[in-house]
Amino acid sequence: MDDLIADFVAECREMLEALGGEIVAWEANPDDRARLDSIFRFVHTVKGNCGFFDFPRLETLSHAAEDALADCRAGRRHPDGALVSAVLAVIDRIGEMIASIDAGDGVPEGDDSALIDALAPGAEGPAQQVAMPAAVDAASKASSTPRTIRLSVELLDRVMSGVSDMVLARNELARRLREAPDDVAVDGAFERLSGIIAEMRDAITRTRMQRIENLFVALPRMVRDLCTELGKQVLVDIDGGDVELDREMIEMIRDPLTHIIRNAVDHGIETPAERLKAGKREIGLLSVSARQSGNQILIEIADDGKGIEASKLVEKAVANGVIEREVASRLSRSEQLALIFEAGVSTAKEVTAISGRGVGMDVVRSNVERIGGLVELDSTPGKGTRMVLRVPLTLTIIPALTVSIGSQHFAIPRSAIEEIVRANGGSVTLERIGGAGVATIRGRRVPEVALADVLGLPSAMNDQERTLIVLRPAGGDVYALAVDRIHDHEELVVKPAAPAVMATGLYAGTTLADDGSPILLFDPAGLAQVGGVRLETLERGGHTADVPVAVNSNEIPVLLFRGLDGARRALRLGVVDRIEEVAADAIRPSAGRLRVQLGEAILPLAGVERPDELDGKVRVFRLNDGTHEIGYAFREVIDLMSIERDVIPADVPGAINGVTLIGGEPAELVDAHWLFAEHLGTAARPQTQLVCRLPEGDAWMQNMLRPIVEAAGYLVIGDGDELSADLTIVSHGEPVQSAQSGRVLRLATDPDQVNGQDSIYRYDRTGLLLAIKSASGGNR
Amino acid sequence: MNELLLIVSIAGSRVALPAAAVESVVELEALIPVPRAPIHVAGLSALRSRVLTVIDCRRSLELGATVLDDGSLQEAAVVELDGHHYALTVDVVEDVVEALSEPAPIRAAMGDGWERVSKGMVETEEGPLLLVDIPAIIAGPATEARAA
């Protein structure tokens, strides 16, 4: 009997979960027969089973709902809002009872007459209040159980950890095999075993995966309840429910996601009246979608509400002492918006019951970052807000970078690493200020700590020889960590370390490296704390120092490569635009010289001695002198180096400038100037088109001026475009929006306004044409 | 059936560990130190693709230090506590015996370290032995100081 009840409970739960979305869809379209049928089926099943199990209270309730729905099905009654709410209330009550049966308490005592009365035609009101408190409760209970497989989660975890151990054991075996003398048969067998284990690990990882739908099914219902409470109308659009995510991960993002959605409905989407006034549809749109991108899952929550006003955020942040006014004035727009994630900043004028629960976006961000994820925010006032949660697929396998101090290896989670720079590189300077380390990386000052000092480990290296890893811990700001050496990227199966080890605050866990030795995984925030870096004093673009980049003539960065003829050559990095790979048939002699087709452009090609021997793919440097481009074919890139010694000049002028030692071996230095001079000749034509920026919103400019400008050979772009303009035309008195404006021409609507050289009356056609032409002439 | 005890010697004293708690006795291989960890955490070691946290029992008892890096073999008892595996360094592992009595309080004055890890005295065929409280020896002196 107990088994039968367990099955009944499980079946009901599954149906309840699946029903969450159906009910709301039904409410939106009461005539949807399919939805009505599935809800009817649920209450019918419950009723049937109750008779069998002797749960009279449950039976009466489901029976009443079944009757009401049967009337709708037969067309005797039209399902209206009151009926939907009443049915909802009944379903919630059924959910509660089932939970109680599941807990072994049987059906609790209670009175359902209010709910049953509400089902009657013409009834109204009371059912609503009864429904609400139950609703949230039932939804959260229902969705916490897995959907299709009934399998002890503990067992699954044990299998998972068994497989992880197997992977580690395999790695150890691999290492031993490498040391042992070669035996083809053993190697072959091991390869096979290895492949099987890898496959198994994938499979078992997937068994832990759940469709994110489990998280999404409860959303329509939640939004519906919120809307009823707030008097708003919101349409939820859910997409990507079939994306799979680690079971634990789903639990970890449940709260942040719920919070974001509550916020969106409460603060983002306006009331129907406000929306109409703003020229929008009465019904707000909330779209929630999930998709996989590499080993990350992106969950996007977008609404078309009133958006976030960055300036208000800044005001609030300043008022609450989160940042200094002086710092605030220098923030970029995205930095301003990011203030919403600071503790003590909320734009809501008043705290509401829905989202003002003392839990702010700061908690959302720290929760997401704790699991190695990220929150991104974008908002346009009046248009809406878009948030993206990026979370890793699983918790247990962490991509990490291994580093070492002295002879000991450690791992740093990849997700926290912003960049890696050499301490003695040209763009980095290290200083000691009152004993504290400060690194200046491309003009940005960041606190620096030496890992050896934090750990108290002896290291023979001095600061200048070390490598700096710029870390951004969860919820904190960047700092640079100096390590002795950087080794490898590894995917590590991380396990929590013993409490005594975790208590140091430095580590996030332990793991075994491929060679079978234990490795400690750092907690970047903990490292900073122990290292004495204050993470809460956020460096928001404030402390950038205008340090001119030292021009050190001894260190010219060059790209060392092997030419098609096999010679070691080097090119100054500055002239190399990018590297492209082309099919050999894109290279052919035409118009007197060898040329290569790269996309839309046809460039002269250097570096090829015997064009007829080319076949397959050819790699080509795209060289750029600022205006012109040529190609240079090569075999392979060796490394990025700098010239260490003097250059011995070549005896005859030609493509080779001279010889020098790079990386301890001689290399020919390619003379870029000679290449351009030789290959461009005199008939060169600029490859880049002249660009003119016109204000987008100005009808006169777009209709009257634009044809003239285009006729003069310009590409016309708008304010928002990224291209750097050669010429920018604005109306008199308007500010120039973009930094890359080139020459600025101001047009006056009245001849009397004209002042200065770049100011022209807008119907002074001759002057205008002259100015446009001269701007282009100056650039040629 | 009486409890089985594993007789080991730590810092020159013969003591008993509850045998049921000891998974295995191993010879420790290379140790990876854990910087900034409490002093009695000697480091990490790998055992059959598991990570062991090595506890230096001498240091935990504040009776000097075990020499771990001289290349000689170091025996250790592997125990599990709250899902984590620990290796307790011991001088030597002797034998498994049956306990002949329930642990009884020791009324004589013991050394500080021993006092902390004592679960009392048990009678065995080999004479009375101190029964060591494994969680206490893993916790080490630092926790004791905080609790006091």
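Modeller: This is a predicted model. About 1700 Å² is buried between chain B and chain A, and carbon and sulfur atoms give 69% of that area. The contact draws on 17 residues of chain B and 27 residues of chain A. Between chain B and chain A the count of salt bridges is 0, while 4 residue pairs, both residues at pLDDT 80 or more, are in polar contact. On the side of chain B that touches chain A, at least two residues each come from strand S4 (41-47), strand S5 (50-55) and strand S7 (84-89) of chain B. S4(B) gives the most, with 4 residues. By type, the residues on this side of chain B are 11 nonpolar, 4 polar and 2 charged.

Now the rings. Over all chains there are 7 aromatic pairs. In one of them, Phe561(A) and Phe621(A), the ring centres are 4.9 Å apart and the planes stand at 75°, over the 60 degrees required, so the pair is edge-to-face. Phe561(A) belongs to strand S19 (residues 557-562) of chain A and Phe621(A) to strand S25 (residues 617-624) of chain A, so this pair ties together parts 60 residues apart in sequence. Both Phe561(A) and Phe621(A) are buried.

Phe561(A) also pairs with Tyr632(A): with centres 5.7 Å apart and planes at 80°, this pair is edge-to-face. It links strand S19 of chain A with strand S26 (residues 629-634) of chain A, where Tyr632(A) lies, 71 residues apart. Phe561(A) has 0% relative accessibility and so counts as buried; Tyr632(A), at 3%, is buried too. Together with Phe634(A), the residues Phe561(A), Phe621(A) and Tyr632(A) form one aromatic cluster.

Definitions and conventions
Residues are numbered from 1 along each chain as its sequence is written. Chains are lettered from A and ligands numbered from 1 in the order in which they are written. This is a predicted model: local features need pLDDT of at least 70, side-chain atom pairs count only at pLDDT 80 or more; totals for chains, interfaces and linings use all residues. Side-chain values use heavy atoms; hydrogens and water are left out. Contact means heavy atoms within 4.5 Å. Buried area is the accessible area (1.4 Å probe) that two parts lose on being put together, summed over both. A salt bridge is a side-chain nitrogen of Lys or Arg within 4 Å of a carboxyl oxygen of Asp or Glu. A polar contact is a pair of N or O atoms within 3.5 Å; within protein, one must be able to donate a hydrogen and the other to accept it, and residues adjacent in sequence count only if both atoms are side-chain atoms. Ala, Val, Leu, Ile, Met, Phe, Trp, Tyr, Cys and Pro count as nonpolar, Asp, Glu, Lys and Arg as charged, and the others, Gly among them, as polar. Rings of Phe, Tyr and Trp (its six-membered ring) pair if their centres lie within 6.5 Å; planes under 30 degrees apart count as stacked, over 60 as edge-to-face and the rest as tilted. Buried means under 20% relative accessible area, exposed over 50%, partly exposed in between (1.4 Å probe, protein chains only).
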